[in-house]
Amino acid sequence: MNLVIIGLIAAVLVLVFCTIKLKLHPFFALIATSAVFAIISGMNMEQMLKGFASGLGGTVADIGLVIALGTVTGALLEKSGAAETMAKTILKITGKKHAALGLAITGYFVSIPVFCDSAFVLLSPIAKRLSKDTKISMTTMAIALCMGLHATHMFVPPTPGPLAVAGILNADLGQVILFGALVSIPVTLIGYAAALVAGKKYDYLPQDVVDAEEGKTLPSAGMAFTPILLPIFLMLLKTIGAMSKWKGILMSIIDILGTPPVALLCGLIIAGIGYHQIYPEDEKAWGFDGIIADALKTAGQIVLIVGAGGAFSGVLKASPMQQILTDSFSGLTIGILAPFIIGFIFRTCVGSATIAMVTAATMITPLIDVLGFASPMGRVVAMLACAAGGMMVFHANDDFFWVTTTTSEMDTSIAYKTIPLISVLQSLTALICVFVLKNDSCWLIEK
């Protein structure tokens, strides 16, 4: 077996051992994991350090500011009682029994216009509040939200991964959106069902949820939801504008406001106004000793952990792994399983769902006719198969794994025992749906 593959297996075992057995902080566990992979795979120190720095810097640059802004917004929503207002509003709609399903459905819709990392940071205060109010395990709440976000992130454009794959395979975008949304429904539901099981086995409630003071007025539903809905609306508007090819000054303004950090900053400002309305006497809130400073301390640790996950992924990408995998699977001609297996291998090894999907699509493009995907519907099916394979295995070389774990206060050992397995269930569910579409529905579309 190639040393690179042996190195990957050893690295994952080291990560599991460090986090579950030694209870080592994830940041240092990921550094050790990267080093083990580099040594065993034969990378020289310069390659390893360059890949590590590139992965760390790229990840922090991409989502570091998003995490910081989202964490501060979440803290303001919690301390002002806005999260409590939102939780009560959702409970009125879903009832306590189905609160986790409400989160999963929320994730399903939110992740279409918004990156799942940003969305989870935004929505985690609601998940914590719901967990505390309903006494439903935070494991259930966090995973239901995570897997709802994960589903449409993989299948429904304009998320970059499915959008890129649809373009590579020349698949009809309208059909990709339609069938991607349909496939995402059972994928979300299986994630929700698995979250319920996981919550019973690994039961914990969040510790840092702040209750509103007795008799204190809570923010209105409008003021509570606006800091979350406004950024989502701005990002969605930017996406629609880009797809519709809007032009002019208005589009330039929308393009700026719809950039995730700017959109989140707008939400943070609204959350700050809401907090000031409830606590006008708190003059320290905006200084070095106030609520924002405390939130930034938390955000700093989250950014470091997520960045270390990105660094591990960077080391993997700097190695010959992608070329080895490409060479190994370039001659694969086993129908619908070809894009699925390629996507699965790359997601498990490299960690990036987008890279997994795009690589699978790129490799099967010359074989479209041979694999039976030449028809318009066949190309849609091929795209969905790439995405289904790219769903698993979702584990510690993906920064979203660490965003979910850290912002939901989930122990790393619990995360490793649940999230990867549930991603496999989601992936297999998606594969079954793709088979059904291929075998039973193609003739309807073709006609």
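Ser 131 lies in helix 6 (residues 116-134), where helices are DSSP runs of H or I of at least four residues, numbered from the N terminus. In this predicted model, local features need pLDDT of at least 70 and side-chain atom pairs count only at pLDDT 80 or more, whereas totals for chains, interfaces and linings use all residues. Residues are numbered from 1 along each chain as its sequence is written, and side-chain values use heavy atoms, with hydrogens and water left out.

With a relative accessibility of 0%, Ser 131 counts as buried (under 20% relative accessible area, 1.4 Å probe, protein chains only). Its side chain reaches the backbone nitrogen of Met 138 at 3.3 Å. When neighbours within four places in sequence are set aside, Ser 131 is in contact (heavy atoms within 4.5 Å) with Ile 136, Ser 137, Met 138, Met 141, Tyr 204, Leu 205 and Pro 206.

Residues up to four places away in sequence not being counted, Leu 384 touches Phe 155, Phe 179, Gly 180, Val 183, Val 434 and Leu 437.

Helix 5 (residues 99-110) packs with helix 9 (residues 173-201) at an angle of about 150 degrees, their axes being 10 Å apart; axes are lines fitted to C-alpha atoms over the stretch in contact, and angles run from 0 to 180 degrees between N-to-C directions. The contact involves Ala 100, Leu 101, Ala 104 and Tyr 108 of helix 5, together with Ala 181, Ser 184, Ile 185, Thr 188, Leu 189 and Tyr 192 of helix 9.

Key. Helix = DSSP H or I, 4+ residues; strand = E, 2+ residues; numbered from the N terminus. Buried < 20%, exposed > 50% of the residue type's maximum accessible area, 1.4 Å probe, protein only. Polar contact = N/O pair within 3.5 Å; in protein donor to acceptor, adjacent residues only side chain to side chain.
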